[in-house]
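Take a look at the structure shown here. A short walk through its parts comes after it.

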Amino acid sequence: MEEKSNTLYSRAGSKMATNIRTNVKRKLPPCRIACPARVNVQGYVSLIQKGKFKEAVELIRRDMPFPAICGRVCFSPCEDACARVNLDQAVAIRALKRIVADIEREKGRVKPQPMPKTRTEKVAIVGAGPAGLTAAYELAKLGYPVTVFERMSEPGGMMRYCIPDFRLENFVVANEIAYIKDVGVEIETEIEFGKDITIESLRNEGYKAIFVAVGMQLSRRMNVPGEDLEGVIHVLEFLRAVSLGQPVEVGEKVAVIGGGNSAIDAARTAKGLGAKEVMILYRRTRNEMPALRHEIEAAEKEGIIFRFLVSPKQVISDNGDVRAIECLRMRLGEPDTSGRRRPIPISFSEHQYEVDLIIPAIGQDPETSCLPAELLDEKATRGPIPVDQITLETRVRGVFAGGDIVTGPASIIQAVGAGKQAAISIHRYLCGQDLKAGLEEVEETTWVKDWESLRRKSRRYEAPIEKPRLSFEEAAEFLKETKRKATFEAFRCLGCGPCSECLAEMDLCERDRAIVDENKCTGCNTCFIICPCGAIAKNENGVAQVDEELCKGCGICAALCPERAITMHRLTDANILSCALAASGGGSPS
Amino acid sequence: MSEWKTVSIRQKLIQEIEKAIQAGRYRSISEFVSEAIRLRLEELMRMEGIPVEKRKKYLAVPEQLLYTPKHTWAQITPEGNIRVGLSDYAQRHLEGIAYIYAESFGKEVKKMEPFGVAETWMFMFDLYAPISGKIVKFNENLRNQPHLINEDPYNGGWIIEIKPNNSLTLEQELKDMLSLRQYNKWVSKLEGRLKVK
């Protein structure tokens, strides 16, 4: 124990010379910083370690309302950032999230307490997609009366209509939205922005703030001859029609153009509708495909053919019916701004594929006709609505915009992040505060410096791609086994952040505070540097002082103080180090 | 005088029941009687305004149903179809039920082969047909309220109705099914086996 604290101390000491902080930054683990919604990943993973599955879901819900949806279809930037990559493989964060969310619902529906309406200012949200619903959820938690307006017959936006059922079941979306409704959000469907309601009409009805999150509702066009033929259905229209149960004739041969997730979704959906041969045409190679790796593998397993380095030139028709698609071969050139290598057409390389149906899936475009002119900007590069990148406020006061309409087509979790930011900005706007002041600054941290010394390699938990088909007796066993595996996987987390703020031990975290013995303190700065909450300052004598409000009682300073000048209210000396290590997620090197 | 009247009514009733049995609506007089008692009880309780949860306690008369080892029950409806649902034991494993898929109308199903799937958040469970025949009805209420299966597995939570192919095979297939007593034995055996593990 002595040795360990010494190594930690020497690490702090080496930092001391260069890194005396002037302003307070929160130290967060890399996974949490990578997540646009700042979901407390380390917190819920450490709760799973303790077997507290229910608390883990509740912790996720503090940051965002869609644990089950993100557990299924999130891009999981947290896993890309996970520090465990240096050791073996990233922690299976998305799979863990799905497991805790599913296990909670396996026991029946979850009903939260409705939030009391403590504020009088009404807020209108346009678009019931992930951004709009998250903003509504966060504002309802703050006590605002929130109304969401949705054009389609059911809320959910792209999650409901444009992600096929085999990736994200409709009941999952319906259930998560039912939760948001139970919290106290009102959702009005079949109301179209620009027709039934406008910004003026909403203002006249007494809405004090408006959040526009209408998303990108049109498929991007290929701009090749023959695109308007009947045998060409753009991807969003195709997926929406299938989701609504409208009859779609796919014929025998289908070509999907594009390399994103929606291209793969469309290909697999077409295969499910009875197409014999489905191929995906992509102008770069497999390495540049933006689709998720396991989705590509699943598509290959279903027998979908991939053709790389081809780009459509024109659609060839026979009396108005699509007969074939003519393509050009490509080769890869220099990397472009997105870091992927730019495809360059090879001249005179035209060739044809015989197809019955063509589904272009190359991107999304906004539907600007419904948006009021004062919000739009012709010159904008990404989305049509220019906003302040931090506060999401548009040029019209009291109107905010976020989600895909601002960033261009992005992921669900980015939309959730935008929704959260919009909720913060709207709250500040309605309270009359400065929108930009005091935004939290964060700093990435991990306690592991010497990866060689950590020889604890373990295999990552690979979640089953399909739902298991079992009998009732086997299911009980399987559930137990899944729980065991999830706990095991959670223990792979290194606990990079100092304190995960999971608040698992409410009594401990809430009440305990550090106390500094002024006679012993030598002003060495260790506690000042090491404190994860920035709770320690120095007074005019150079002696450390604890800010009672900021201190979370993690005990790290007490464990590391070389003079043993810091003690805790409740913890005894013997417990302090173990508590400090427990607070950091249980990730001790031994 | 009154005594004579009762006797004549009783004789008429017996004749009616015999007709119904010959038509295949009931298998025996006792089945008719238990069905009649059930209907009468249901009506009485509805009149007295007993809430659904309490009614279930009295109403569940699983005695007259037939079961398969795969936890589906079968009941003969007045139209001569076989109504299929999930047993109480199965329902207890389906607390988080989210969706019920069944084959489309007119589809042939075979005895002890899956005719649909009950989907929960984590699992898929195959639903096994108790007899062979054609699917003629699906409980549309389940589309939006699959939790009906939990609330009322024997009445409101029925899943499909099957029209049997012919009466001869139907009789044999019904004979092969389990009575409640046999089924309960089977369930306790299953649960006992789980405990040993």
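The paragraphs below go from the contact between the chains to a sheet, a helix and some single residues.

This is a predicted model. Begin where chain B meets chain A. Chain B brings 22 residues to the contact, and chain A brings 24 residues. Together the two chains bury about 2200 Å². Carbon and sulfur atoms give 65% of that area. On the chain B side, three residues stand out: B:Trp121, B:Met122 and B:Phe123. They supply 40% of the area that chain B buries against chain A, more than any other three residues.

In a salt bridge with an N to O distance of 2.6 Å, the side chain of B:Glu119 meets that of A:Lys467. Which elements of chain B supply at least two residues each to the side that touches chain A? Two are helices, H4 (88-92) and H8 (180-196) of chain B. The others are strands S4 (97-102), S6 (114-120) and S7 (124-128) of chain B. Sorted by class, this side of chain B has 14 nonpolar residues, 4 polar ones and 4 charged ones.

Stay in chain B and turn to its open sheet. Here 6 strands line up in the order S1-S2-S3-S9-S8-S5, with antiparallel pairing. Strand S1 (66-67) and strand S5 (108-109) of chain B are the edges, and each pairs on one side only. Now follow strand S9 of chain B, residues 160-164. Strand S3 (residues 82-86) of chain B pairs with S9(B) in the antiparallel sense, over 3 bridges. In that pairing, B:Val84 stands opposite B:Ile160. Strand S8 (residues 133-138) of chain B is also an antiparallel partner of S9(B), over 5 bridges. There, B:Ile135 has B:Ile162 as its bridge partner. Is strand S9 of chain B largely enclosed or open? It is largely enclosed by the rest of the structure, because 4 of its 5 residues are buried.

Next, move to chain A and its helix H12 (residues 235-243). Its buried residues are A:Val235, A:Leu236, A:Phe238, A:Leu239, A:Arg240 and A:Ala241. What covers the buried residues of H12(A)? Among the elements that do so are two helices of chain A, H9 (158-161) and H13 (261-272). Strands S6 (218-219), S14 (357-360) and S15 (364-365) of chain A are also included in the cover. Just after H12(A) comes A:Gly245, with a positive phi of about 80 degrees.

A:Lys457 lies in the loop between strand S17 (442-444) and helix H17 (472-490) of chain A. A:Arg492 lies in the loop between H17 and helix H18 (506-511) of chain A. Which of the two is buried, and which is exposed? A:Lys457 has a relative accessibility of 65%, so it counts as exposed. A:Arg492 has 3%, so it counts as buried.

A:Lys457 touches A:Arg84, A:Leu87 and A:Asp88. A:Arg492 is in contact with residues including A:Arg84, A:Asp88 and A:Gln89. Its contacts also include A:Ser458, A:Arg459 and A:Arg460. The side chains of A:Arg492 and A:Asp88 are joined by a polar contact of 2.9 Å. For a sense of scale, go back to A:Lys457: its C-alpha atom is separated by 35 Å from that of A:Ala535, which is 78 residues apart from it along the chain.

Finish with two arginines in loops of chain A. A:Arg38 sits between helix H2 (30-34) and helix H3 (41-49) of chain A. Its phi is near 50 degrees, a positive value in a residue other than glycine. A:Arg38 counts as partly exposed because its relative accessibility is 29%. A:Arg564 is found between helix H20 (556-560) and strand S21 (566-568) of chain A. Its phi is positive, at about 55 degrees, although A:Arg564 is not a glycine. With 40% relative accessibility, A:Arg564 counts as partly exposed.

Note on methods. Residues numbered from 1 in each chain as written. Chains lettered and ligands numbered in written order. Predicted model: local features only at pLDDT ≥ 70, side-chain atom pairs only at ≥ 80, totals over all residues. Heavy atoms only, no water. Contact = heavy atoms within 4.5 Å. Buried area = accessible area lost by both parts, 1.4 Å probe. Salt bridge = Lys/Arg side-chain N within 4 Å of Asp/Glu carboxyl O. Nonpolar A, V, L, I, M, F, W, Y, C, P; charged D, E, K, R; others polar. Buried < 20%, exposed > 50% of the residue type's maximum accessible area, 1.4 Å probe, protein only. Pairing = 2+ DSSP bridges. Polar contact = N/O pair within 3.5 Å; in protein donor to acceptor, adjacent residues only side chain to side chain. Lists of a residue's contacts leave out its neighbours within four places in sequence.
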